[in-house]
Amino acid sequence: MHQVYLSLGSNLGSRQTNLRQAIRLIDERVGEVTRQSSFLETEPWGFQSDNKFLNAVILCQTSKAPREVLEVTQQIERDMGRKQKSISQKLPKSPAHYADRPIDIDILLYDDLTIDEPDLKIPHPLMRQRDFVMIPLREIKDDLK
C-alpha cells in the first residue's frame, strides 16, 4: 500500500458537507482514509472572492498508482460539480486560472516519490507557499511538525 496526502478545499455551497462528501468518495474510490486534519477556514489564495475556503488534508492508503489517483480525484471533482481543470490549471497557476469551486483535490505527497510531468507534479510544487495546505498537513504528518 502507498501513502498519499491529499489537500481538499471548498468555497461554494455547503463547504463542510462538500469536504465530508469528498473524503467519503476518496475513501471509497482511492483507498482508506486513515488520517484527517481539522477543517481550516481561509481566505482565497491567488484570486479575489467573497467566499472563504474550508480546507483540510487527509492521508489515504492506496494501491493505485499516482496517475490513477489523479484521474480518480479529478472524477470526484467533476462528480461534485467542478468544471474540468485544464492542463494549465494543474501547473503552477496564474491568478486568472483560480476560481470559486465546490471542491478542489490536490495530490501533495505520494510515498517519497518525485514526479515532474506536465499534468502531475509530486510533491505539489506550491504546497510550501500555502498555509492552508501546510497547517493541516503538519497536523497529521508527524515528521513535518
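1. Arg67 counts as partly exposed, at 28% relative accessibility. The structure discussed here is a predicted model. Partly exposed is the class between buried, under 20%, and exposed, over 50%, so a value of 28% belongs there.

2. Which residue does Arg67 pair with? Arg67 forms a salt bridge with Glu117, and their closest N and O atoms are 2.5 Å apart. Arg67 is in helix α2 and Glu117 is in strand β6, residues 115-117, so this pair links parts of the chain 50 residues apart in sequence. Glu117 is also partly exposed, with a relative accessible area of 33%. Salt bridges with shared partners bring Arg67, Glu117 and Asp119 into one network. As background, side chains of opposite charge can pair when their charged atoms come close.

3. The structure has ten salt bridges. One of them joins the side chains of Arg35 and Asp142, at 3.8 Å from N to O. Arg35 belongs to strand β2 (residues 31-36), while Asp142 sits in the segment after α4 (131-140), so the pair ties together parts 107 residues apart in sequence. Asp142 counts as exposed, at 55% relative accessibility.

4. Lys52 and Glu43 also meet through their side chains in a salt bridge, with an N to O distance of 3.4 Å. Lys52 is partly exposed, at 36% relative accessibility.

5. Now the nonpolar side chains. In soluble globular proteins, such side chains tend to be buried together. The largest nonpolar core here has 26 residues, and the members touching the most others are Leu6, Ile26 and Ile107. Which elements each supply at least two residues of this core? They are the strands β1 (2-10), β4 (53-62), β5 (104-110) and β7 (120-122), together with the helices α1 (15-29) and α2 (66-79). Helix α1 gives the most, with five residues.

6. Ile107 deserves a separate entry. Leaving aside residues up to four places away in sequence, Ile107 touches Val4, Tyr5, Leu6, Pro66, Val69, Leu70, Leu120, Lys121, Ile122 and His124. Another core lies apart from the largest one; this other core has eleven residues, among them Val57, Leu108, Phe132 and Leu137.

How values were computed:
Residues are numbered from 1 along each chain as its sequence is written. This is a predicted model: local features need pLDDT of at least 70, side-chain atom pairs count only at pLDDT 80 or more; totals for chains, interfaces and linings use all residues. Side-chain values use heavy atoms; hydrogens and water are left out. A nonpolar core is a set of buried Ala, Val, Leu, Ile, Met, Phe, Trp, Tyr and Cys residues joined through side-chain atoms within 4.5 Å. Buried means under 20% relative accessible area, exposed over 50%, partly exposed in between (1.4 Å probe, protein chains only). Helices (H or I, at least four residues) and strands (E, at least two) are DSSP runs, numbered from the N terminus. Contact means heavy atoms within 4.5 Å. A salt bridge is a side-chain nitrogen of Lys or Arg within 4 Å of a carboxyl oxygen of Asp or Glu.
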